[in-house]
Amino acid sequence: MNSITIFTDGSSRGNPGPGGWGSVVVTSDTVTELGSAEKHTTNNRMELMAATEGILHTPKHSGITVFTDSKYLINGITLWIKGWKNNGWITKTKDDVVNKDLWMKLDAAVKDRSVKWEYVGGHVGIIGNERCDHIATDFADNGATKLYSGPLSRYDLPNILDVSHDSVAMKTKKSSSSRSNAKAFSYISSVGGAIHVDHSWAECEKRVKGVKGARYKKSLDIVDEQKVIEEFEQLL
């Protein structure tokens, strides 16, 4: 593990809607919690903010391990970003890359540091991820979370660097048949390079019906919703 460990998470109520982000930066003897809120944003923007602000809190040339439950974040910074930069931050549809401003800021932040990206499942009992989720959702809900900054020895979560998880909390994959019969949590559509989240099929149908190239898919829960959004964003 690198000398500095960062846990990150983002949250958005409504996606888009009120949002928040949280980061926990851990060195060998200190812990710094970071977080903030935005009135109108998306979950992915908050994930990007959490990672960027956490990394920028470290000295240049640091060795860092970032733990995140966002595959969008990891895929973007390790795989997709090269193509985006080569194409001048323009997608195949000749639109700006979604969240271009934040991707550029993150790209600049990692340039002067050695960053290793690690994926962790959300809500599976990983202490750092759970703490960041609490910070992010509390800010999204206009909460008043008290952010800690001080010695690791005095931190309320002394096992913050434990990245083992509670396997009981892991979600099992749903079969295609059970998915088709399951009640929808939301409907995600991609129309003209813009991604929308609707909470009824009627709303989604109005958006996509008769529109050439439109895509849509239902989600089964908040975690699945994020996965579908990430799938669509990869296709932009």
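Two residues are in contact when heavy atoms of theirs lie within 4.5 Å. With that in hand, let us go through the close-ups. This is a predicted model, in which local features need pLDDT of at least 70, side-chain atom pairs count only at pLDDT 80 or more, and totals for chains, interfaces and linings use all residues. Residues are numbered from 1 along each chain as its sequence is written, and side-chain values use heavy atoms, leaving out hydrogens and water.

View 1. V24 belongs to strand β2, residues 17-26. Helices and strands here are DSSP runs numbered from the N terminus (helices: H or I, at least four residues; strands: E, at least two). V24 counts as buried because its relative accessibility is 0%. The terms are: buried, under 20% relative accessible area; exposed, over 50%; partly exposed, in between (1.4 Å probe, protein chains only). Which residues is V24 in contact with, leaving aside its neighbours within four places in sequence? They are T5, I6, F7, V31, T32, E33, R131, C132, I135, Y155 and I160. Take R131: 107 residues separate R131 from V24 in sequence, yet their C-alpha atoms are 7.9 Å apart in space.

**View 2. S186 and its polar partners.** S186 sits in strand β7, which covers residues 186-191. With 0% relative accessibility, S186 counts as buried. Its side chain makes a polar contact of 2.6 Å with the side chain of S219, and one with the side chain of E225, also given as 2.6 Å. A polar contact is a pair of N or O atoms within 3.5 Å; within protein, one must be able to donate a hydrogen and the other to accept it, and residues adjacent in sequence count only if both atoms are side-chain atoms. Not counting residues up to four places away in sequence, S186 touches V197, D198, H199, K217, K218, S219 and E225.

**View 3. Helices α2 and α7 side by side.** Helix α2 (residues 71-86) packs with helix α7 (residues 222-234) at an angle of about 25°, and their axes are 10 Å apart. Axes are lines fitted to C-alpha atoms, for helices over the stretch in contact, and angles run from 0 to 180 degrees between N-to-C directions. K71, Y72 and W80 of α2 meet E230, E233 and Q234 of α7.

**View 4. Loop residues with backbone features.** A cis peptide bond, with omega about 10°, joins N15 and P16; P16 is in the loop between β1 (4-12) and β2. K94 and N99 are both placed in the loop between α2 and α3. Phi is positive in K94, near 70°, and in N99, near 65°, and neither residue is glycine. Are these two buried or exposed? K94 is exposed, with a relative accessible area of 70%, while N99 counts as buried at 10% relative accessibility.

**View 5. Confidence in the model.** pLDDT is the predictor's confidence in each residue, from 0 to 100. Its mean for the protein is 88, and 92% of the residues reach 70 or more. Where pLDDT is low, the predicted coordinates should not be read in detail.
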